[in-house]
Amino acid sequence: MDEHDDTPTAIGIDIGGTKIAGALVDGAGRITHREQVATPADDTTAIIEATATLVTTLTEAAEGPVEGIGIACAAFVDARAGHVWFAPNLPWRDLDLAAEVASRVDREVVVENDANAAARGEYRFGAGSDCDDMLPGDGRDRRRRRLHQRRPPRAGAFGIGGEVGHIVLDPSGPRCGCGNAGCLEVFASGTALVRNARELVTSPSPLGEALRARCGGDPDALTGHDITELAREGDGASIELLDELGTRLGQGIASICAVLDPGRIAIGGGVADAGDLLIGPTRTAFAKHLIGRGHRPSPEIVPATLGNDAGIVGAATIAREGRA
């Protein structure tokens with residue numbers, strides 16, 4: 001029997017710009033029941049109400065007691081207070097999210113940044129489950145000694161630290177949702193991949209022929225999955241787009257390692273589905289830009305294993321283990 005099988009179920013919620021996904025997660029990090037609703041993205045109160053309703057639905061679906069409720073969201077979060085300072089893709093400014101949801105479900109609620117929640121999920125049950133020190137996605141270094149604190153660790157003075165995706169690579173680059181220009185996130189993300197591919201579709205370049213054919217000439221119909229599939233089929237433009245993204249990602253990770261020095265780096269998110277088409281260029285650029293290269297141990301770069309469930313699993317894990 002798994003050592004976690006007798007651990008009570010917890011609820012994990014991932015609030016995104018288009019959907020609010022939630023699940024029951026057991027003590028082994030397994031999802032046993034899912035629910036999902038659309039995000040009423042322009043109405044803060046409606047988002048809170050939809051989240052509370054989803055928590056109630058999941059609680060009623062549980063076969064036993066629910067040990068904790070964790071919420072992951074793309075925002076600057078003071079995890080100890082459950083307070084959201086700013087969310088780039090939602091109308092949240094200075095919001096006591098944990099308290100708002102808790103008052104509606106009559107249960108304590110834990111809130112964490114979505115990338116940090118995904119990091120916790122991967123570290124506990126995914127790509128980092130067998131290592132002591134890992135940098136996952138847009139998260140920060142998580143060490144085993146922190147896993148059983150009553151509250152999630154606070155990142156800096158205001159809970160906003162660890163936003164490595166907002167390290168500026170090129171101030172003349174595209175504008176980021178955080179307000180700055182040229183952040184790592186705008187060069188090395190699924191959103192960046194699709195943006196660059198759509199630009200190629202609307203250009204007169206013959207390189208975009210396969211991409212135009214895949215979306216029927218409508219750039220808005222093109223998805224990251226389309227680009228990955230075309231790259232696997234040998235389309236040169238799609239391969240080049242993933243190579244460019246991986247190169248930027250490798251450069252950014254090398255800079256981050258100068259500060260955090262993790263033992264392992266896990267690449268997650270939808271774009272990680274490209275596998276070696278992305279991981280290969282990432283490793284190459286990382287090796288080229290890592291400080292002290294050739295004269296120091298080098299961390300391994302691996303794909304994350306929990307996929308889009310990482311944030312949900314991590315949020316539930318933080319809620320449960322924060323009560324231990």
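Predicted model: local features only at pLDDT ≥ 70, side-chain atom pairs only at ≥ 80, totals over all residues.
**Entry 1: a charged trio**

I started with the network of salt bridges that links Glu49, Glu100 and Arg104. As background for myself: side chains of opposite charge can pair when their charged atoms come close.

Arginine 104 and glutamate 49 meet through their side chains in a salt bridge, at 3.0 Å from N to O. What does this pair tie together? Arginine 104 sits in helix H2 (residues 97-105) and glutamate 49 in helix H1 (residues 44-61), so the bridge joins parts that are 55 residues apart in sequence.

Are the two buried or exposed, or something in between? Arginine 104 has a relative accessible area of 32%, so I put it down as partly exposed. Glutamate 49 comes out at 37%, and that is partly exposed too. The cut-offs I used: buried is under 20%, exposed is over 50%, and partly exposed is in between.

**Entry 2: how H1 and H2 sit together**

Since that bridge joins H1 and H2, I checked how these helices pack. Their axes come within 9 Å and cross at roughly 50 degrees. That makes H1 oblique to H2. The crossing of H1 past H2 is right-handed.

Which residues make the contact? From H1 I noted Thr45, Ile48, Glu49, Thr51, Ala52, Val55 and Thr56. From H2 I noted Leu97, Glu100, Val101, Arg104 and Val105. Sorted by class, the contact of H1 with H2 has six nonpolar, three polar and three charged residues. I was pleased to meet Glu49, Glu100 and Arg104 again here, as they are the members of the salt-bridge network.

How many salt bridges does the whole structure have? A search finds ten. I picked out two others to look at.

One is arginine 124 with glutamate 321, where the closest N and O atoms are 2.5 Å apart. Arginine 124 lies in helix H3 (residues 114-125) and glutamate 321 in helix H10 (residues 310-321), so this pair ties together parts that are 197 residues apart in sequence. Arginine 124 and glutamate 321 are both buried.

The other is arginine 232 with glutamate 229, with 2.8 Å between the closest N and O atoms. Both residues lie in helix H7 (residues 224-232), and they are three residues apart, about one turn of the helix. Arginine 232 is partly exposed at 46% relative accessible area. Glutamate 229 is partly exposed at 22%.

**Entry 3: H8 against H9**

Then I went to another helix pair. Helix H8 (residues 236-260) packs with helix H9 (residues 276-289) at an angle of about 40 degrees, and their axes are 7 Å apart. H8 and H9 are therefore oblique to each other. H8 passes H9 in a right-handed crossing.

I listed some of the contact residues. On the H8 side they include Ile239, Leu242, Asp243, Leu245, Leu249, Ile253 and Cys257. On the H9 side they include Leu277, Leu278, Pro281, Ala285, Phe286 and His289. How do the residues of this contact divide by class? There are twelve nonpolar, six polar and one charged.

While I was in H8, I also looked up serine 238, which has its place in that helix. Serine 238 is buried, with a relative accessible area of 0%. Leaving out residues up to four places away in sequence, serine 238 touches Leu211, Ile227, Leu230 and Ala231.

**Entry 4: two last residues**

Where is glycine 128? I found it in the loop between H3 and strand E9 (133-136). Its relative accessibility is 0%, so glycine 128 counts as buried.

Isoleucine 31 belongs to strand E3 (residues 31-38). With a relative accessible area of 24%, isoleucine 31 is partly exposed. What does isoleucine 31 touch, not counting residues up to four places away in sequence? My list reads Ala23, Leu24, Val25, Asp309, Ile312 and Val313. Finally, isoleucine 31 and isoleucine 11 are 20 residues apart in sequence and 9.5 Å apart in space, C-alpha to C-alpha.

Note on methods. Residues numbered from 1 in each chain as written. Heavy atoms only, no water. Axes fitted to C-alpha atoms, helices over the stretch in contact; angles between N-to-C directions. Helix = DSSP H or I, 4+ residues; strand = E, 2+ residues; numbered from the N terminus. Parallel < 35°, antiparallel > 145°, perpendicular 65-115°, else oblique. Left-handed = near helix turned anticlockwise from the far one by under 90°. Contact = heavy atoms within 4.5 Å. Nonpolar A, V, L, I, M, F, W, Y, C, P; charged D, E, K, R; others polar. Salt bridge = Lys/Arg side-chain N within 4 Å of Asp/Glu carboxyl O. Buried < 20%, exposed > 50% of the residue type's maximum accessible area, 1.4 Å probe, protein only.
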